[in-house]
Each structure stands twice: as structure tokens, then as C-alpha cells.
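Hi,

Here is the structure I promised to send over. Have a look at it first, and then read on for what turned up when I went through it.

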Amino acid sequence: MIKTHEGGPVSRIGLGCWQLGDDCWGDVSEDTAQSILREAYEAGVTFFDTADVYGGGLSESRIGRFLRESGADVTVATKIGRFGEPGWPLNFTRDAIRKHTEASIQRLGVGALDLVQLHCIPTEVLVQGEVFETLRELQTEGLIKAWGVSVESVEEGLLCLTQPGLASLQVIFNALRQKPAHVLLPRAGQMGVAIIVRLPLASGILAGKYTAETTFPANDHRNWNQDGGAFHVGETFNGIPFVEAVAFADELKTSLPEGWSLGDAALRWILDHEAVTTIIPGASKPGQATRNVAALKLPSLPDSVKEGWAKLYSEQVEKTIRGNL
Ligand SMILES: NC(=O)c1ccc[n+]([C@@H]2O[C@H](COP(=O)([O-])OP(=O)(O)OC[C@H]3O[C@@H](n4cnc5c(N)ncnc54)[C@H](OP(=O)(O)O)[C@@H]3O)[C@@H](O)[C@H]2O)c1
């Protein structure tokens, strides 16, 4: 399980901090990054998700600065595996994990990492299992308080659930990626393993603001990773080709309850799954994090809407998703 420093539950809406690395989501300046962190915290967010690779350490350093200057009590989850020497996937060796854990501790300016997650780890390394021994060792030594894995597929998630001591699984889960709801989430819930939901807005598609004509900046992965050229295809628009993803979002909009935005409904759809511990929508602009936290106050999405979204998913969406499911 993941907890606040006082031992309570973390906020069910957290903040994804990939955007704060300033290298994959267009320009996000230092001032903007600090505003986003402050705004999220003031809105009640007590869980930030980052990774050492986001901006080559910049996202972690910016969070470190925020924590230092604000004194905010936030649980910070980071990820290791994709950044620094000896490189991916050798970063999952015992020595490399230790070295990268120590580097993240320095950048965040903390005594120990609250939660470290294995990032984009090959399935065969999970199967081999030595990596988990290393994490238990670092936990016993006090360098990390808890550990988890960010997985690409349900199969990888189920594999991780066999490991004693696993605190969390990070998964892609939203109205355009419903598969984890069937087996993985209930099993994790029964076992007390936290579920952290990434891409809750399918890289922004489910905010409902793009059209088929929308383009993205040169330094934005939604420009250069649409077909998985740089990293896993599923991490950009959920693995759905952009124009189709926009069309699915438009279809979801047709069944919204009166007064609801698609973004509100998309977040509420996830929150309505009780096994979900926290959702980490990313924010590239001030205002977005506060807007997302507001979904906590909404009532559950009506069953009729959920049924319609389940039908659209099984009949049309699922077969268009590229990458592992
Ligand atoms: N392998 C991994 O472990 C992995 C991979 C991916 C992500 N993550 C983590 O998960 C987090 C979330 O995923 P994500 O950032 O990729 O996707 P996401 O949260 O689905 O989408 C984030 C984007 O949605 C838009 N958005 C957010 N709130 C909005 C609002 N209130 N109104 C309008 N638009 C809004 C913004 O788009 P614009 O920028 O266009 O405004 C924002 O950049 C990341 O930040 C990262 O921490 C982990």
C-alpha cells in the first residue's frame, strides 16, 4: 500500500509530473512547473508521480525544489530504469538500481524514496525475478520506503502480484483502455496492492479538446511517438491512432449527463472503480490540476453511461489499440 507520511491514504487524484521534465510535452518552464505543483498541492493533491528519466532528472529536481521551498507533505513516487548509465535494460541490475535510487534521493532532496517503481521493465526481467530481491534489500536498508512496478500489460501486472512486498502497480486504465477492470484490479484490491492509474485522459484525448486537425509541438511525444518510434506505442494516446482516438472521444461525448464535460466523466469513470488508489493526470498548464481534482466531488457516473462506454469499448475501441494490453 502507499500512504501519506502521516500514514493515511494519499489523495485519489494525484499529479503526473512527466510534463515537468520539459522535453516530451512542449515547453514547460520552471515558473510554470512550480505553479502547477503549488496549485495541485493547494487543491488537496498529496501524491506526485515522476521518473528519473523525465527531462533527464529535471522533473525530480523541480519537485525537490518545490518540497524544499514549500515544506509540503506530499508522497512522491518515482521510477527508475530508463535513465542514465549503463542504459536500458541494464539499469535493472543490482548495482544500477542502487546507483539510480541514490541519484533520485539526491534530486528529490529526501532521506529515502517514498515509492520507487520499475519503469518499462522487460517482461523477462520480471520473470527472472532478481530485481525484486534488490528492491527488498534497498527497502531493508531504508533507502526506499516502498516499491512497485509500472507495467504495460495485464499479464505483467499479474506476474508482479506474485511478489511478496509489492506495494503498487501502475497501469494504463481509462474508458479507452478498460481491460484491467476485469481481473487485475479486483485481484490487486483483494491483495491490498495499490493501483496507480496513468494516462487517465489518454494523453489528453479524454479532456475532449482536440480535433482531427490538432497538431502538437516538435518537442511533444504526441508529435513523435504516435507510432511508438521512441518508446512503447501504448504510452501515447493509449496506443490508438490519433484520428480514431479523437473520434472515440467524440462518441463518448454524445452520452454525457447534462452539464458534465468529457474530462470530468473520464476521471469519474476511473474513480468509480474502488480498487483504484490514485489517478495521476498530467498537467502541462496552470488550471488543469485544479480542474482535475474537482472530479472528486462529482457523483458516480450513471450506469447507463457506463454501459454505453463498455459497449463502444468492446465493439470498436479494443481492437484498435496497439501494443500490449
Ligand atoms: N511508463 C510509465 O510509467 C508512464 C508512462 C506515461 C505516463 N506516466 C505517468 O502518468 C502521468 C499521466 O499520464 P500522461 O500525462 O501521459 O497522460 P494524461 O494524464 O492522460 O494526459 C495529460 C494531458 O492531458 C491534458 N489535460 C490534463 N488535465 C486537463 C484539463 N483539466 N483540461 C484540459 N486538458 C487537460 C493535458 O494536455 P495538454 O498538454 O495538451 O494541455 C495534459 O498534458 C504522467 O504525467 C506520468 O507521471 C507513466
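**What I found**

Let's start with Pro 200: leaving out residues up to four places away in sequence, Pro 200 touches Asn 174, Ala 266, Leu 267, Ile 270, Ile 279 and Pro 281. Keep in mind throughout that this is a predicted model. Pro 200 sits in the loop between strand S7 (194–198) and H8. With 29 other C-beta atoms within 10 Å, Pro 200 counts as buried, because the cut-off for that is 20 or more.

On to the ligand. The shell around the ligand has 31 residues, and the closest are Gly 16, Arg 198, Leu 201, Gly 204 and Gly 282. Sorted by class, that shell holds twelve nonpolar, twelve polar and seven charged residues. Which helix gives the most to the shell around the ligand? That would be H11 (residues 288–293), with three residues.

Next, the core. The largest nonpolar core has 93 residues, and the members that touch the most others are Ile 195, Val 197, Ile 205, Leu 206 and Ala 245. Take Ile 195: setting aside residues up to four places away in sequence, Ile 195 touches Leu 169, Val 171, Leu 185, Ala 188, Ala 275, Val 276 and Thr 277.

Ser 168 is also worth a click. Ser 168 lies in strand S6 (residues 168–172) and is buried, with 24 other C-beta atoms within 10 Å. Beyond its neighbours within four places in sequence, Ser 168 is in contact with Ile 2, Leu 115, Gln 117, Gly 148, Val 193, Ala 194 and Ile 196. Glu 69 is another matter: Ser 168 and Glu 69 are 99 residues apart along the chain, and their C-alpha atoms are separated by 28 Å.

Now a helix pair. Helix H2 (residues 58–70) packs with helix H3 (residues 94–108) at an angle of about 40°, and their axes are 7 Å apart. That angle makes H2 oblique to H3. The contact of H2 with H3 comprises two nonpolar, three polar and two charged residues. From H2 come Glu 60, Ser 61, Ile 63 and Gly 64, which meet Ser 104, Arg 107 and Leu 108 in H3.

Finally, some backbone details. Where are the cis peptide bonds that I noted? One joins Glu 85 and Pro 86, with omega about 0°. Another joins Trp 88 and Pro 89, again with omega about 0°. Pro 86 is in the loop between strand S3 (75–80) and H3, and Pro 89 lies in the loop between S3 and H3 too.

There are also positive phi values to check. Asp 22, a residue other than glycine, has a positive phi near 60°. Asp 22 is in the loop between strand S1 (15–16) and helix H1 (30–42), and is buried, with 21 other C-beta atoms within 10 Å. Phe 237 is not a glycine either, yet its phi is positive, at about 50°. You'll find Phe 237 in the loop between helix H8 (221–224) and helix H9 (242–253). Is Phe 237 buried or exposed? Buried, with 27 other C-beta atoms within 10 Å.

Cheers

How values were computed
Residues are numbered from 1 along each chain as its sequence is written. This is a predicted model: local features need pLDDT of at least 70, side-chain atom pairs count only at pLDDT 80 or more; totals for chains, interfaces and linings use all residues. A nonpolar core is a set of buried Ala, Val, Leu, Ile, Met, Phe, Trp, Tyr and Cys residues joined through C-beta atoms within 7 Å. A residue is buried if 20 or more other C-beta atoms lie within 10 Å of its own, exposed if 12 or fewer, and partly exposed in between; C-beta atoms are placed from the backbone. Two residues are in contact if their C-beta atoms, placed from the backbone, lie within 7 Å. A residue is near a molecule or strand if its C-beta atom, placed from the backbone, lies within 6 Å of it. Helices (H or I, at least four residues) and strands (E, at least two) are DSSP runs, numbered from the N terminus. Ala, Val, Leu, Ile, Met, Phe, Trp, Tyr, Cys and Pro count as nonpolar, Asp, Glu, Lys and Arg as charged, and the others, Gly among them, as polar. Axes are lines fitted to C-alpha atoms, for helices over the stretch in contact, and angles run from 0 to 180 degrees between N-to-C directions. Angles under 35 degrees count as roughly parallel, over 145 as roughly antiparallel, 65 to 115 as roughly perpendicular and the rest as oblique.
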